[in-house]
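Subject: Structure handover

Hi,

Here is the structure for you to look over. My notes follow below it.

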Amino acid sequence: MQLSARSTRSTRSTESTRSTRSRSRRTLLAAAAALALAVTPFTAGPAAAEPLDRQQQYAAAAAEFGVPESVLLAVSYLESRWDTHPGNPSTSGGYGPMHLTDAAHVTAQPAGGHIDEGEDPRGDEARPLTVAAPAATELAPAALGDAALQTLQAAAALTGASEEALRADPTTNIRGGAALLAAYQRELGGPVGAASDPAAWYGAVARYSGAGAEDTAAAFADEVYGQLREGASRTTDDGHLVTLAAREVNPDTSTLHQLGLRRGERPDGLECPVGLGCEWIPAPYEKYGPGAGDYGNHDLGNRPAQQKIEYIVIHDTEGYFWPSVGLVKRADYVGWHYTLRSVDGHIAQHIKAKDVGWHAGNWYVNAKSIGLEHEGFAGHGTWYTEAMYRTSAKLVRHLALRFNIPLDRHHIIGHDNVPGTVPSTVAGMHWDPGPYWDWSHYFDLLKAPFRTTGTAHTGLVTIDPEFADNQPAFTGCSRQPPGVPNPPPPVTDPCPLRGSSAVLLRTAPSHDAPLAVDLGEHPDGSPGTMYVPDHSARASAGQTYAVAEVRGDWTAIWYLGQKAWFHNPASARTAKWATGFVVTPKPGKATIPVYGRGYPERDAYPTGVPYQAITPLQYTLTAGQRYAVGGVLPSEYYRAVTFDGSSPGDWTVVSGDLRYVQVQFGHRIGYVNLDDVLILPSPVGAPQ
């Protein structure tokens, strides 16, 4: 979810926030100094000449500070997959391959709330929701004295390196991480030395996670040792091949209890897989006013018995973990099912899966989905941590298996894939988690990788660029308060060049051609732009489209009623050939409407329940065009407009005879009436 640029703060609020941040920075620097004094100092031997190879840099740092090289490599992999993200911090303010955190950066990042003022996150005209924008004090980062958010300062004290070098120079950053690990190990009284047994470092690894709860620290350490057993080899974002040789290690977990972390009983009914750090922080189902509809911040339900859960929606918070959790605890705000923390992947559950959260801005999708909010920003230049990717993937896989949700991009969708409900809501729909969420890696972690299943003649493509090498020149990352697709200019300042899941779509097979047109985002028919929230002309990794034409190094797909071209050379494919099913209008139908929700026909509504209009979006599907099928869905409307279920038909699902086909129509999904289309195997009539 995201906050719009339309929501502005007063000068007084801004000055108050700056003052708070100034006090927070002083607190952080003092806490960082205390942390550096708290770990056992040591004197490293003289550093050798800087190794040129990244593998050698890890080996040198391990030898210098007395850390087993395999442990150092595995910890770094769980923090960053050995990437440098040059100059760019994570949402937790973590820098470099060792994710050394600088909380002073966190306090300097602007944070938003989840929604625009006046926006309806329920997406239900039958029960409109008006929510006030949160106050600046509700958005400020919390718990900034936490040592987990200032490890960079501690590393500086231990190594003598400058904070600037620890942020920007990979060699120095790796040395800082090794120094911290060694200091944690000494504090626990464990053996230190590059040749020491990796099994004895479990407690130090757990502490490195920064987790405040024992189960979350253990989950991180277990992932590190799992990676040790599995091994890894990959090329980093700056071109270095790094390898972690697989080895069998059975860690000594007894030192975990020496860390003094919070321990608690896992509450009954917590819907998280065993082995993850997860807690129950409930979202309130409460009244906040005298009216029957004055309640929040979700609706009671009986899923999947009453209605199948079709989707898991991936969001980012556009803010920090604790402020976001604070907002979901408000009865007069909105609710989602889970929030995930960046620094350690910790999970908080707020709503049971059977109940309906208010998170997607589309009531049809809300009623059929589970919403996950990830601490992060879609376009601020920060990156999502590996720890959070991993716990999120484990949680999503657990939920998908439990509720029989297919692990594909038709059902595991971003908030940016949720369609508008009616034409007037399309432009205001959210765009998180944004073009920098690594969908391909995420699906690898889900154990459902994107694969080639066809050829150039089978009619479909699944978008899958090489994430690190795919670096579109987006603009406006430093200017936009996140959320609004079409803010006022100027928005031309360049974003940092970094890996992206997004592939650009053009009106002709040329890099000079204008970007594709989205009439929902740009009603005047102007082409899409490179402004980071404007996904008018982008396809994302894992999304499958029908091929319209192939011309040399370029492939055209059917997209929002037009041919949209992307560069797809044989030497470096940005998409995989695929097979499946497509829809096309039935013979005799020149065009058919596209919908943002699958509501029933009028006759399906019982007496007393108002009919919810079936309103087409501003797009049409024209004869001869083809779109990839995501499934055939029933027409349903979940009626929930009062706190106590007193309104006619409340807490029931209205089901109709209509059926809808979900299609990958643009960047967002859409729905077409099954009676309007033919469903065909993708090779039939595919371009040759």
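Ser 635 is buried, because its relative accessibility is 0%, and the cut-off for buried is under 20%. Please keep in mind that this is a predicted model. Ser 635 sits in strand 25. What does its side chain meet? A polar atom of the Ser 635 side chain lies 2.8 Å from the backbone oxygen of Leu 658.

Strand 25 and its neighbours

Strand 25 covers residues 627-639 and runs antiparallel to strand 22, with two bridges joining them. Within strand 25, Tyr 627 stands opposite Val 583. Strand 22 also has strand 28 (residues 677-681) as an antiparallel partner, this time through five bridges. There, Pro 585 has Val 677 as its bridge partner. Is strand 22 largely enclosed or largely open? Four of its five residues (581-585) are buried, so the rest of the structure largely encloses strand 22.

Strand 18 spans residues 544-551. Six of these eight residues are buried, so strand 18 is largely enclosed by the rest of the structure. Strand 18 pairs with strand 15 (residues 460-463) in the antiparallel sense, over three bridges. Thr 544 in strand 18 stands opposite Thr 462. Strand 18 also pairs with strand 19 (residues 554-559), again antiparallel, over four bridges. Arg 551 and Trp 554 are bridge partners there.

Strands of a sheet pair through backbone hydrogen bonds, either parallel or antiparallel.

The largest pocket

The largest pocket holds about 1,200 Å³ of space. Its lining counts 50 residues. Which of them lie nearest the centre? They are Arg 81, Arg 234, Glu 386, Asp 438 and His 441. By class, the lining divides into 23 charged, 14 polar and 13 nonpolar residues. At least two lining residues come from each of helix 3 (69-80), helix 10 (214-230), strand 3 (232-235), helix 13 (386-403) and helix 14 (439-445).

Arg 81 is in the loop between helix 3 and strand 1 (94-95). Its relative accessibility is 16%, so Arg 81 counts as buried. Arg 81 is not a glycine, yet its phi is positive, at about 55 degrees. Most residues other than glycine have a negative phi, and most peptide bonds are trans.

The cavities

How many cavities of 30 Å³ or more does the structure hold? There are five. The largest cavity has a volume of about 140 Å³. It is lined by 16 residues, and Val 426, Leu 560, Tyr 619, Arg 668 and Ile 669 are closest to its centre. Strand 24 (616-622) and strand 27 (669-673) each give two or more residues to this lining. The lining of the largest cavity has eight nonpolar, five polar and three charged residues.

Leu 560 also has a positive phi, near 55 degrees, and is a residue other than glycine. Leu 560 lies in the loop between strand 19 and strand 20 (562-567). Leu 560 counts as buried because its relative accessibility is 14%.

Cis peptide bonds

Two entries here. Arg 303 and Pro 304 are joined by a cis peptide bond, with omega at about 0 degrees. Pro 304 is in the loop between strand 8 (298-299) and strand 9 (311-316). From Asp 432 to Pro 433 the peptide bond is cis as well, with omega near 5 degrees. Pro 433 is found in the loop between strand 14 and helix 14.

Best regards

Conventions
Residues are numbered from 1 along each chain as its sequence is written. This is a predicted model: local features need pLDDT of at least 70, side-chain atom pairs count only at pLDDT 80 or more; totals for chains, interfaces and linings use all residues. Side-chain values use heavy atoms; hydrogens and water are left out. Buried means under 20% relative accessible area, exposed over 50%, partly exposed in between (1.4 Å probe, protein chains only). Two strands pair if DSSP finds at least two bridges between them. On a 1 Å grid over the protein atoms alone, a cavity is a set of points where a 1.4 Å probe fits but cannot get out, and a pocket is an open set with protein on both sides within 12 Å along at least five of seven lines; lining residues have an atom within 4 Å of a point. Grid points are joined across faces, edges and corners, and a volume is the space filled by probe spheres set on the points. Ala, Val, Leu, Ile, Met, Phe, Trp, Tyr, Cys and Pro count as nonpolar, Asp, Glu, Lys and Arg as charged, and the others, Gly among them, as polar. A polar contact is a pair of N or O atoms within 3.5 Å; within protein, one must be able to donate a hydrogen and the other to accept it, and residues adjacent in sequence count only if both atoms are side-chain atoms.
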